[in-house]
Amino acid sequence: MLRVRNLKCYYGKIRAINGVSLSVRPRELIALIGANGAGKSTLLQAICGLISHWEGEILFEKVSLRGFKPPAIVQRGISMVPEGRMLFAPMSVLDNLRLGAYLRYRRRDHHGIAEDLESVMDLFPILRERAGQPAGTLSGGEQQMLAIGRALMARPRLLLLDEPSMGLAPFLVRLILDTLVRLKEQGMTILLIEQNARAALQIADRGYVLENGQIVLDGAAGELLADQDVKRAYLGKDYREFYEGRA
Amino acid sequence: MSKMKHGFFLLTIVIAGMAMSNSYHLQLLTFIGINTLLALGLNMLMGYAGQISLGHAAFYGLGAYTSAVLSATMNWSPWLALFAAIVLTTLVAFLVALPMLKLSGYYLGMGTLGFGMIVFILIRQWSTVTGGDSGLVGIPALSLGPLSLASGKAYFYLVWAVVLMCFVICERVVDSRVGRALRAIHDGEHVAAAMGIDTSRLKVGVFVLSAVFAALAGFLYAHLVSFISPNSFDFLVSVRIVTMVVIGGMASIWGSLLGASLLTLLPEWLHVFTDYEMVVYGLILMTIMIFLPQGLTRGLLDLYEQSRTIYRRPATSQEPTANR
């Protein structure tokens, strides 16, 4: 569904992504894990058209996304939940959700929008309660739900999430990730970017590990969870062994 | 709800028009209407979409001078001149907006400031057409068929009818998907784009809309006073429009009315201070900004809500003690 080949992204002269290739097949949940500054968000922004200076190839449903502006990419069926939620804080929860469906309003798909509003609010009942409230007054967990709901309102076929677990209590992380599993069961394709590697790999089908702008490891999520290198670097285990090994 | 508001607004206009016999008061109210148009247009751009313009007097002047030159010098019908003024303003605003709205924040402010100065200098120096510093006289009064709009009262109704119409237009825009998108751009352009909003197109669109409002105000102004000179469209006028928006309340349609009213009336009220007029004027604006930083609309609403909670406090303050 999504295929990235030898992608290179630049910020001025700094190369943030250095030849990344990955693929996401329909109905898959893929985890992309890596530390701060590994290039995860850059990769995502390139897919969404928010960065236009990239080399290589990004194909979505066999069509190259080169030169596409963000609205055209949303139109094709890719929706993003940005890092740090990035809600429109002074606007109401309902207006935030409606903004997610901006392009569909333009096509006058009012019936479909009303349907999706209902299904998003069934997915996150708290949003129904808070519908009239400014998005900025929600708690962190509720904001993340709203950010996901807003992305779903575009009725995407591929959902990209940038660190949805950031700054959330463990039980909220669980809740958000369970929702992703449910979405996947309903037929959504998901690319999940996370620092919280364990949580992400537990729900993913496959995973990629990004380090310094390159994919250093990839494979089935279970294999990655068991991998010694991954454990050491991202799962916070085996530290004793690590230190002893050096000593 | 909004129909009721408009009905009430219309009623107020009619009653005010019937009650007012003093031509000075009528003219003052007419000026408030013209200034409200200016503030309303800029509020769409600045308050909703978050794009500042320090050169809006340029469009005000463009509307006034285009209509004045065509109708006074070339004997066009004023309504045809209005049409020409709007077409020209749309064109100029579009051409200016294309490169200009790539800027944001202070830089956009500087850019529009420069544009305002260019238009001002053009009006002043192109004296064969605009009359230069000595101004342009003999701008004909308006008439609708056999109905003359020359009298103060008729003009008052005309201006406020236009204001009401623009209010309705703005409310409809604000409540639509476009209005939501504008506020989204204000809040974060990058994310707005990620939602599928074509941010540059919308920004240009709202810039043109607000320029057309200013041109409309210029047209109404020119045919009201029948004499215009460059000083009515200089940099300070741009600043005054911005002040109306900020004092009245950003992102508030009714705030434009409040801000325009206050900034039109204040100088008239403050004549009693003679030499100290400007000092008092400045002090009042400063006080408003310090105590009601969100502008009059939001500020007064907040004060009202506060007073209601204070009034209710005796009942609520007992609950915490009971819980302990």
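Student: What is a nonpolar core?

Tutor: A nonpolar core is a set of buried Ala, Val, Leu, Ile, Met, Phe, Trp, Tyr and Cys residues joined through side-chain atoms within 4.5 Å. The model here is predicted. Its largest nonpolar core has 104 residues. Those with the most contacts inside this core are B:Phe59, B:Tyr60, B:Trp160, B:Ile197, B:Phe207, B:Leu220 and B:Ile228.

Student: Which helix gives the most to this core?

Tutor: That is helix α10 of chain B, residues 199-225, with 15 residues.

Student: What is B:Leu220 in contact with, leaving aside its neighbours within four places in sequence?

Tutor: B:Leu220 is in contact with B:Ile34, B:Leu37, B:Tyr155, B:Leu158, B:Val159 and B:Val162. There is also a second, separate core of 48 residues, and A:Leu97, A:Ala101, A:Leu172 and A:Ala199 are among them.

Student: How should I read chain B as a whole?

Tutor: Start with its elements: chain B has 15 helices and two strands. Then take its dimensions. The C-alpha atoms of chain B fill a box of roughly 85 × 55 × 45 Å along the principal axes. For 324 residues, a compact globule would have a radius of gyration near 20 Å, and the 21 Å of chain B agrees with that.

Student: How many of the contacts in chain B join residues at least 24 apart?

Tutor: Counting contacts between residues at least 6 apart in sequence, 77% join residues at least 24 apart. As for burial, 50% of the 324 residues in chain B are buried.

Student: Is B:Ile290 buried or exposed?

Tutor: Exposed means over 50% relative accessible area. B:Ile290 counts as exposed because its relative accessibility is 57%. This residue lies in helix α13 of chain B, residues 277-291.

Student: Why can charged side chains pair?

Tutor: Side chains of opposite charge can pair when their charged atoms come close. Over all chains, the structure holds 20 salt bridges.

Student: Which residues does A:Asp95 form salt bridges with?

Tutor: One is A:Arg98, with the closest N and O atoms 3.2 Å apart. A:Asp95 and A:Arg98 both lie in helix α3 of chain A (residues 93-100), three residues apart, about one turn of the helix. Another is B:Arg183, where the closest N and O atoms are 3.7 Å apart. This pair crosses between chains, from A:Asp95 in helix α3 of chain A to B:Arg183 in helix α8 (residues 177-187) of chain B.

Student: Are these residues buried or exposed?

Tutor: A:Asp95 counts as buried, at 12% relative accessibility. A:Arg98 is partly exposed, with a relative accessible area of 25%, and B:Arg183 is partly exposed at 24%.

Student: Which parts of chain A does the salt bridge of A:Glu115 with A:Arg155 tie together?

Tutor: In this pair the closest N and O atoms are 3.8 Å apart. A:Glu115 lies in helix α5 (residues 110-123) and A:Arg155 in the loop between α7 (140-152) and β7 (158-162), so the pair ties together parts of chain A that are 40 residues apart in sequence. A:Glu115 is partly exposed at 44% relative accessibility, and A:Arg155 is partly exposed with a relative accessible area of 44%. A network of salt bridges links A:Arg104, A:Asp109, A:Glu115, A:Asp116 and A:Arg155.

Definitions and conventions
Residues are numbered from 1 along each chain as its sequence is written. Chains are lettered from A and ligands numbered from 1 in the order in which they are written. This is a predicted model: local features need pLDDT of at least 70, side-chain atom pairs count only at pLDDT 80 or more; totals for chains, interfaces and linings use all residues. Side-chain values use heavy atoms; hydrogens and water are left out. Buried means under 20% relative accessible area, exposed over 50%, partly exposed in between (1.4 Å probe, protein chains only). Helices (H or I, at least four residues) and strands (E, at least two) are DSSP runs, numbered from the N terminus. Contact means heavy atoms within 4.5 Å. The radius of gyration is taken over C-alpha atoms; the globule rule is 2.2 Å times the number of residues to the power 0.38. A salt bridge is a side-chain nitrogen of Lys or Arg within 4 Å of a carboxyl oxygen of Asp or Glu.
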